[in-house]
Amino acid sequence: MAVISSMPSSPPKPTGLKVKVRPDKSFEIRWKAEGGASLFELTISYFPFQGPMFQPSHSNVQQVEGFQTHLPHPDELSRAQAWVVKISLKAKSDGSLSDAVEYQIAWDDELFDQEARTDLENKVEGFQTNDLHDFVSSRRDDPKILVLGPQHHGKSSFVNHAYRCLIGNLDANDQLDQAPAGADERTLATKSIDIPVGQDSQVTLIDTPAFATMSQETEAKLRTLLSSGHCDGLRRQDMRQNKCSWYSRPPHAAIVVMSLCHWRDQRQEMASYLQKIAGVLKTASAGTVEFPYVVAATHCDEFLENCQKEDPRDELEKALQGIKGSASTNHVYAITNYMRGSMGSARNNKATFDLLSQLLAKAKRENTATNQDHFRSCMAGGAIGTAWTAGMVVNPPVALTLTLMTTATTVLGWVGQWIFRKVFTQGRELEGQNDGRK
């Protein structure tokens, strides 16, 4: 009687697969295994980030002994291109293979040093010539922009990122302190950064303390920020609620910062947050101003790196669409905040300057100081009318004299305010130049 030998059992599936991408785009891969397995089959496949995830541009299968390996980036594939890389590992024993443990990683395109500088120079020139010039011509002022958002979503990092982009130098130092994930909050008070753009203009970004939740008290304090001029050093606990300054001019626009990773992990909570902050922005200054804003969807690099879904590009687009719906705006941009010495990215540069361009296009058409301008006009008209009435009662010829004097005083006051703002701004610029020489 023939004896039928039993089929060899499959080895246990490997565990603890960890993948690290080095700056040269090579991989350090480590794992663990049970059951004495020491031989493994490793498959690595490269898919273009912008292309369909059907057929890889490159795939390699190799036998590996031990529990770690180093894989260089394929010579035939560009390191500067955006890729989705799928890694599959199986234990091998007596000709049998275990089930696969899989890992996926994706990254943005990269620009080398000179390419990054040239791309940023072109972006800055276009922004200055078109968007910034149009805004200043329309509003007669350089743009002042609030940066809003919850804690650890990358607000201060975004300000540093925008600074590096607008001066065209990715090696520039941080202008604001930033807290690593899990650390205590660093932005305790409002801080503004004046970023020079060209010879004559600047963009002011105003970092604000985190609004962790949009409670009624938080909303009331935010309404004060939107309707009054900012003051550096103002702490959240000292912010007044639902107050409007009739003299200081409010900022021109706002950037709401929302982390893609927080959106992925806390979608319902983040959606509620965006809905509430959008409601406040759209009804600023007691409902008289629809405050211009866009959304910077930060941590794009982390989102892509950790995405284990079949198509990371599709997952990114779904996240952006969800944020757009909750924030009540189509103007949402996926941003990777540049750190000092970061490699540039053509996609990231475009997203950053598209965000700034769209924000100024909206801001130049909305006067956020409507209430202040109306108040000043009423005060001026009232003063002139009072002078005329008083003069007519006492002496008609005196009426004309008083009226002219009051009108002249009002106009001189307006001119004085304008000169003060110009001199103050130029003084700060000269001070900054002297500091730079030192």
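The chain has a mean pLDDT of 83, and 77% of its residues reach 70 or more. The model is predicted.

Helix 1 spans residues 113–139, and helix 9 spans residues 346–363. The two helices pack at an angle of about 5°. Their axes lie 9 Å apart. Angles under 35 degrees count as roughly parallel, so helix 1 is roughly parallel to helix 9. On the side of helix 1, the contact is made by Asp 119, Leu 120, Lys 123, Val 124, Phe 127, Asp 131, Leu 132, Phe 135 and Arg 139. Helix 9 contributes Ala 346, Asn 349, Lys 350, Phe 353, Leu 356, Ser 357, Leu 360 and Ala 363. By class, this contact holds 10 nonpolar, two polar and five charged residues.

Three strands form an open sheet in the order 1-2-5. The pairing is antiparallel. Strand 1 (15–21) and strand 5 (68–71) are the edge strands, and each pairs on one side only. Neighbouring strands of the sheet are turned by 15° against each other on average, direction ignored. Strand 2 covers residues 27–32. Four bridges join strand 2 to strand 5, and the two run antiparallel. In strand 5, Thr 69 is the bridge partner of Ile 29.

Key: Residues numbered from 1 in each chain as written. Predicted model: local features only at pLDDT ≥ 70, side-chain atom pairs only at ≥ 80, totals over all residues. Heavy atoms only, no water. pLDDT = per-residue confidence, 0-100. Axes fitted to C-alpha atoms, helices over the stretch in contact; angles between N-to-C directions. Parallel < 35°, antiparallel > 145°, perpendicular 65-115°, else oblique. Contact = heavy atoms within 4.5 Å. Nonpolar A, V, L, I, M, F, W, Y, C, P; charged D, E, K, R; others polar. Pairing = 2+ DSSP bridges.
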